[in-house]
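Thanks for asking me to look this one over.

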Amino acid sequence: MEPGENSPPETQDTLKALQNDHYKTKFQQCEAMLKFASDKGTAVADHIYVDLEIAKKVVPGAGENIESVVALNRAHADLARIVVPATPSSLLYLSNEHDLNKIYSFFGPVTTIRFMVVASLLSLCFFIWLGATDRVNAENLDTTLFFRGGTDSVYVSLFLIAAAAIGVSFSNLFKARKFVIDGTYDPRYNTTYWMRFVLGLTSGYVLAEVITLDFDAAFQKPLLALVGGFAADVVYDILERIVEGLRTMLRGDIDDRIRSMEARHKGDLESQKMLQNLETAKKAIKMRDQLAKSGASDEQIAAIDVMINDLIGSEV
């Protein structure tokens, strides 16, 4: 019994259309993989060509038959093993993109990469143009954001953002190039390239304005913006380490307070409740540290810190 045989006619038509689309897509993937293997000079077994010919002989309008489905599945599996690490869906996407945009293919094999190339060229043009203006000079670059004049600050900031854009564009294009060459480019992640682009602009500008190196500022600020754009994840790691340092320092203050209070109340019979609270607080700190090592969320750690502060709050 075929799937959906007892279903209403409309449902059967929908299922049939989906099956036909799946068959067509799988056959197109086989063609893309065969072309990829041939372009690389990889040997393709004769039985794969025979299976593809069988799969191709599907009567228009009548749908596929068991023989053609088996042949197509066999050819698809064999070709997928041949083109590894490339994937069938990626090769089909790259092939379709090339066929649909042959005129603009010199900018890149896929639309997202083409736009990224354009963004990179525009960033380079803005970098050169802004660097040639009188407002972007060694004196203004040597001055911090809060001490530059209004218009001068805008020009210098745009100059640094253009440098960050060059860095992140270079990073994005280099990564995408590897995926295209390997045949593993996944269109599902197209938006992540633009997310990285915005993150690169932000991290590059922040790094250039906040960090100071021990050499000429006229070179260090554009260089830091470029590096920050290229490696936005490094800037994120730096900020995360600063936050972790502050969090550790605050937790250390609580530990010192508990030890000091425990020493004050040890010989006082009227402070038994406080001593109990301190013991509970110490156990809570131990539990908090164990949870932090096991990867507990910030919300869980913060809740325990609140409880500790409540236990010792009367003695602050």
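**Notes on the predicted model**

1. Let me start with a salt bridge: the side chains of Asp186 and Arg188 meet with an N to O distance of 2.6 Å. Arg188 is exposed, its relative accessible area being 65%. Please keep in mind throughout that this is a predicted model.

2. Now for the overall picture. The chain holds 12 helices and 0 strands. It has 316 residues, and 34% of them count as buried. Among contacts between residues at least 6 apart in sequence, 64% join residues at least 24 apart. The chain exposes about 19700 Å², with carbon and sulfur atoms supplying 62% of that area.

3. Back to the salt bridges, whose count comes to 8. One of them joins Asp39 and Lys35, at 3.0 Å from N to O. Both residues lie in helix α1, 4 residues apart, which is about one turn of the helix. Asp39 and Lys35 are both exposed.

4. Are its two partners buried or exposed? Asp78 has a relative accessible area of 14%, so it is buried, as the cut-off is under 20%. Arg81, at 57% relative accessibility, counts as exposed because that value is over 50%.

5. On to the rings: the structure holds 7 aromatic pairs. Tyr93 and Tyr185 form a stacked pair, 6.1 Å centre to centre with 10° between the planes. This pair links distant parts of the chain, 92 residues apart: Tyr93 is in helix α4 (residues 88-100), while Tyr185 is in the loop between α7 (150-182) and α8 (190-210). Tyr185 is buried, with a relative accessible area of 0%.

6. A second aromatic pair to look at is Phe170 with Phe230, which is tilted: 5.8 Å centre to centre and 40° between the planes. Phe170 belongs to helix α7 and Phe230 to helix α9 (residues 217-230), so the pair ties together parts that are 60 residues apart in sequence. Phe170 counts as exposed at 52% relative accessibility, whereas Phe230 counts as partly exposed at 42%.

7. Do display the tyrosines together, as ring pairs link Tyr93, Tyr185 and Tyr193 into a cluster. What sits over the ring of Tyr193? The charged end of Arg196 does, 4.8 Å from the ring centre.

8. Next, a loop residue. Val44 is placed between α1 (9-40) and α2 (46-56). With a relative accessible area of 14%, Val44 is buried. Beyond its neighbours within four places in sequence, Val44 is in contact with Leu34, Ala37, Tyr49 and Leu79. The C-alpha atoms of Val44 and Leu34 are separated by 7.9 Å, and the two residues are 10 apart along the chain.

9. Val234, Ile238, Leu239, Ile242, Leu246 and Met249 make a nonpolar patch of about 540 Å². Ile238, one of these residues, lies in helix α10 (residues 232-265). At 37% relative accessibility, Ile238 counts as partly exposed.

Methods: Residues are numbered from 1 along each chain as its sequence is written. This is a predicted model: local features need pLDDT of at least 70, side-chain atom pairs count only at pLDDT 80 or more; totals for chains, interfaces and linings use all residues. Side-chain values use heavy atoms; hydrogens and water are left out. Helices (H or I, at least four residues) and strands (E, at least two) are DSSP runs, numbered from the N terminus. Buried means under 20% relative accessible area, exposed over 50%, partly exposed in between (1.4 Å probe, protein chains only). Contact means heavy atoms within 4.5 Å. Patches are made of residues with over 30% relative accessible area and no salt bridge: like charges are joined within 9 Å, nonpolar side chains (Val, Leu, Ile, Met, Phe, Trp, Tyr) within 5 Å. Accessible areas come from the Shrake-Rupley method with a 1.4 Å probe; for residues, only the protein chains shown count as cover. A salt bridge is a side-chain nitrogen of Lys or Arg within 4 Å of a carboxyl oxygen of Asp or Glu. Rings of Phe, Tyr and Trp (its six-membered ring) pair if their centres lie within 6.5 Å; planes under 30 degrees apart count as stacked, over 60 as edge-to-face and the rest as tilted. A charge sits over a ring if NZ of Lys or CZ of Arg is within 6 Å of the ring centre and within 35 degrees of the ring normal.
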